[in-house]
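Me: Hi! Could you walk me through the charged pairs in this protein?

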Amino acid sequence: MEERKVQERKGVVTVRGKPATLLGADLKVGDKAPDFKALSCITLIDQEPKEVSMKDFTGKTVLISATPSLDTPVCDLQVRRLNQEAVTFPQNVAMINISMDLPFAAKRFCATAGIENVEVLSDHRDASFGLAYGVLIKELRLLARSIFVIDQKGIIRYKEIVPDTTKHPDYDRALEAVRSML
């Protein structure tokens, strides 16, 4: 089996001020959104997570929020903010959050935090999302804080990779990108 070299990018993000390396594609606005496979943390069937991919959101405008870990203050606030905002959008808008948290830990977080309007996914199994979207932090095997907005045709219309994982994304700009497609 041929081993493919994974692209490495330095100088894009820091973790608490320390430089980190991102693994995966350097996607641009206007690129086709790549597919990925992640595990749904909300829908546990027989205690097994359901696999979800970008194809499950075909025909919808999608806001993808990536967070390093739900059990940190900034990540917690990021998901809560998007959960509040999600109810202001029509049914053809999907908001998802992806982290490397185990599905069962994410399910506990959602239950405790009252997250009902954002689909929470886990990329822990094979980092499919992190590598496809270029936000996997090599040194920590966590996702860089980022937001992607994808239109109904599957094209990336907004991208933000937050320069330091301890900082918040620009929620207003990301939400405005979603509104501009309605």
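Here is a short chat about its salt bridges.

Reply: Happy to! This is a predicted model, where local features need pLDDT of at least 70, side-chain atom pairs count only at pLDDT 80 or more, and totals for chains, interfaces and linings use all residues. Residues are numbered from 1 along each chain as its sequence is written, and side-chain values use heavy atoms, leaving out hydrogens and water.

Me: How many salt bridges are there in the whole structure?

Reply: A search finds twelve. A salt bridge here is a side-chain nitrogen of Lys or Arg within 4 Å of a carboxyl oxygen of Asp or Glu.

Me: Which residue does aspartate 26 pair with?

Reply: Lysine 159, with the closest N and O atoms 3.3 Å apart. Aspartate 26 lies in the loop between strand 2 and strand 3 and lysine 159 in strand 11, so the pair ties together parts that are 133 residues apart in sequence. Strands are DSSP runs of E, at least two residues, and helices are runs of H or I, at least four, numbered from the N terminus.

Me: New topic: what does arginine 179 bridge to?

Reply: Glutamate 85, at 3.6 Å between the closest N and O atoms. Arginine 179 is in helix 4 and glutamate 85 in helix 1, so this pair joins parts 94 residues apart in sequence.

Me: Is glutamate 85 buried or exposed?

Reply: Glutamate 85 is buried, at 16% relative accessible area. Buried means under 20%, exposed over 50%, and partly exposed in between, using a 1.4 Å probe and protein chains only. Arginine 179 is partly exposed at 38%.
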